[in-house]
Amino acid sequence: MNEPNLAVDFAGIKLKNPVLTASGTFGFGREYSRLWDLNLLGGIIVKAVTLEPRLGNPPPRIAETPAGILNSIGLQNPGVVSFIRDYLPFLRQYEDLPVIVNIAGNTIEDYARVAEKLSNAEGISALEVNISCPNVKQGGLAFGTDPESAYQVIEAVKANTDLPVIAKLSPNVTDITEIALSVEEAGADGISLINTLLGMAIDINSWQPILSNVVGGLSGPAVKPIAVRMVWQTAQKVSIPILGMGGIATAEDGIEFMLAGAKAIAVGTANFFNPYAAPEIVAGLKRYLKEKNIEDVNQLCGALRFTKNN
Amino acid sequence: MNVYQAEILTSEKLGQLYHLLIIKQPDIALTAKPGQFVYLKGGKGLDPLLPRPLSIHQLNQKEGTIQLLFQLKGKGTIGFSKMKTGDLLTVLGPLGNGFSLADEGQNIVIIGGGIGVAPLLYLAEKLQERHFKPIIILGFRDKENIVAYESFSQLGCQLIVATEDGSFGRRGRVTGVLEEIISSEKIDVIYACGPQPMLKAVQKVAEKWEVENCQLSLEARMGCGLGACMACVCGVRLEDGQFGYRRVCSEGPVFNSREVLFDE
Ligand SMILES: Cc1cc2nc3c(=O)[nH]c(=O)nc-3n(C[C@H](O)[C@H](O)[C@H](O)COP(=O)(O)OP(=O)(O)OC[C@H]3O[C@@H](n4cnc5c(N)ncnc54)[C@H](O)[C@@H]3O)c2cc1C
Ligand SMILES: Cc1cc2nc3c(=O)[nH]c(=O)nc-3n(C[C@H](O)[C@H](O)[C@H](O)COP(=O)(O)O)c2cc1C
Ligand code: FES
């Protein structure tokens, strides 16, 4: 059999394979590029960028939980101006690596200004709008848990950019499809699912919370079933493509997301416990398609089958 | 720096509290500097999920081996201690900046507290190789907590051990001993690793006696270990005098004591 096709078109972004790295887990690419060629990726989603530099939360910022981690980084980043000047040029060296920039803000105006600034920079393929960060006091999650606010943020970003806009949604809601429909209506070109789940861990010797921020966002293999469920529910309702993430550590995990309806996938926490996770998933996906005699990875997208008992 | 599968050659229990592993990894053994660390995971299991940072305790370039000395704390370290000779560990490293070695002719004090002594043996050896005569001060809670005493005493440097309860060596804290030494002779460089209260006390002594080159090795909970996730930060005074955070994994773990701002 010929080599299977791994390329996908995600909201107008041409990806040579559907495997990306999730925002915040992969910095701006430089660190992992010391281990493997970033051109192996379908694309990279960089750490959240805000209008002004952000200091982030005090440490400890991370706690391990069973098959997962809680983080409360608090969007530490150098700000949009420094990102464009100091970090983006490095990524531009990779000719075949779409760069998606995750953006965050305290106000709708912040989102609009960051989007505008990034749209004037060269070498960016899309914006991923983070309306789901659980670790900041203002904005973030507040925008992602209310359909009306989510709509307004996406509308403002769309009005300030020609780049494809992907809305990154929070799982900390009762009905994910309500928010998904709202951002689709506001003009989002795609949806990323899921950001982290709000959680907490306590040190039983000191009787104190482990994170200085008290609560943090849960990610890693522990959240995968929730993420798959949310991708599946959302895929039933919207017609824009879904970028699935949440606990993906192997090609098999990624395939589950695609069958549930994701057109592309992102690897996050797995980078921490296996720095080669992303390229291994690309290779594993290809192997799976060959073994199953599937010519095109797009055939997996939403191909979930039901039996009469479903 | 890379990810390697390293075979365990020796796994040795050291009393109730500590453990020593000797692993085979020639690339790291050839390139690691004192104060650098490895990020270590046993197997592909999901609980514990993250690797654990451990310092290079000692290495043997000829044999391509690395020694890791650690205290049994929780899932991660207890898991490593149960692994057998011949088992494979996944090792990312060498990581971090490491200690910067002193200039010729400088007087050096090395201070370790508890399991903080781990990275200091390789440092002391490297300094000796370069004909320095560091004074080594090691502090422990009590006799039962003493670790690596033999290895340090074999170096032939001046070695002072203090226990808080006086059950071995001198009674008291390492920083008391440090001040005694500094008040009687000029010290140019201090290297320290240990629990945070000890490092804070060392920082104070260095400030008081104006020791410019005081290098502290810090600990922090880590995510990626590589500098990508911003999980492992510590508070510092930046060059422009402003407060900021630096990554312990990639910009540390060794920091000059003048820049570190504990508790922030
Ligand atoms: C650069 C560096 C070098 C180190 N070198 C050594 C060494 O040579 N020998 C040694 O005994 N210990 C060393 N430590 C501390 C060691 O990493 C922790 O004791 C270990 O991670 C505890 O894991 P655990 O699963 O046994 O404990 P748990 O308490 O169950 O760990 C839970 C989580 O917290 C993290 N954690 C807990 N304590 C620490 C700590 N003190 N520092 C960083 N993360 C922590 C763990 O990595 C894990 O993610 C070093 C730490 C750092 C940052
Ligand atoms: C340390 C850390 C930092 C993160 N930072 C961001 C961020 O800046 N912006 C964002 O949209 N998501 C951020 N996330 C969420 C991830 O991009 C991803 O949505 C989530 O972790 C679920 O995927 P995973 O289980 O594969 O990690 C972060 C996650 C982690 C673990
Ligand atoms: S552990 Fe990720 S930046 Fe240090």
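What percentage of the 264 residues in chain B is buried? Buried residues make up 55% of chain B. The model is predicted.

**Chain B overall**
- Chain B has six helices and 16 strands as its secondary structure.
- Its radius of gyration is 18 Å, close to the 18 Å given by the globule rule for 264 residues, so chain B is as compact as a globular protein of that length.
- The C-alpha trace of chain B spans about 50 × 45 × 35 Å along its principal axes.

**A sheet in chain A**
- Strands of a sheet pair through backbone hydrogen bonds, in either a parallel or an antiparallel way.
- In chain A, four strands form an open sheet in the order S5-S6-S14-S11, and their pairing is antiparallel.
- Strand S5 (62–65) and S11 of chain A are the edge strands, since each pairs on one side only.
- From one strand to the next, the twist averages 40°.
- S5(A) and strand S6 (residues 68–71) of chain A run antiparallel and are joined by four bridges.
- Within this part of the sheet, A:Thr65 stands opposite A:Gly68, which belongs to S6(A).

- The relative accessible area of A:Met200 is 48%; buried means under 20% and exposed over 50%, so A:Met200 counts as partly exposed.
- Together with A:Ile202, A:Ile204 and A:Val214, A:Met200 forms a nonpolar patch on the surface.
- The accessible area of these four residues together is about 410 Å².

Conventions
Residues numbered from 1 in each chain as written. Chains lettered and ligands numbered in written order. Predicted model: local features only at pLDDT ≥ 70, side-chain atom pairs only at ≥ 80, totals over all residues. Heavy atoms only, no water. Patch = residues over 30% accessible without salt bridge, like charges linked within 9 Å, V, L, I, M, F, W, Y side chains within 5 Å. Areas by Shrake-Rupley, 256 points an atom, 1.4 Å probe, with all protein chains shown as cover. Salt bridge = Lys/Arg side-chain N within 4 Å of Asp/Glu carboxyl O. Buried < 20%, exposed > 50% of the residue type's maximum accessible area, 1.4 Å probe, protein only. Pairing = 2+ DSSP bridges. Helix = DSSP H or I, 4+ residues; strand = E, 2+ residues; numbered from the N terminus. Axes fitted to C-alpha atoms, helices over the stretch in contact; angles between N-to-C directions. Rg over C-alpha atoms; globule rule 2.2 N^0.38 Å.
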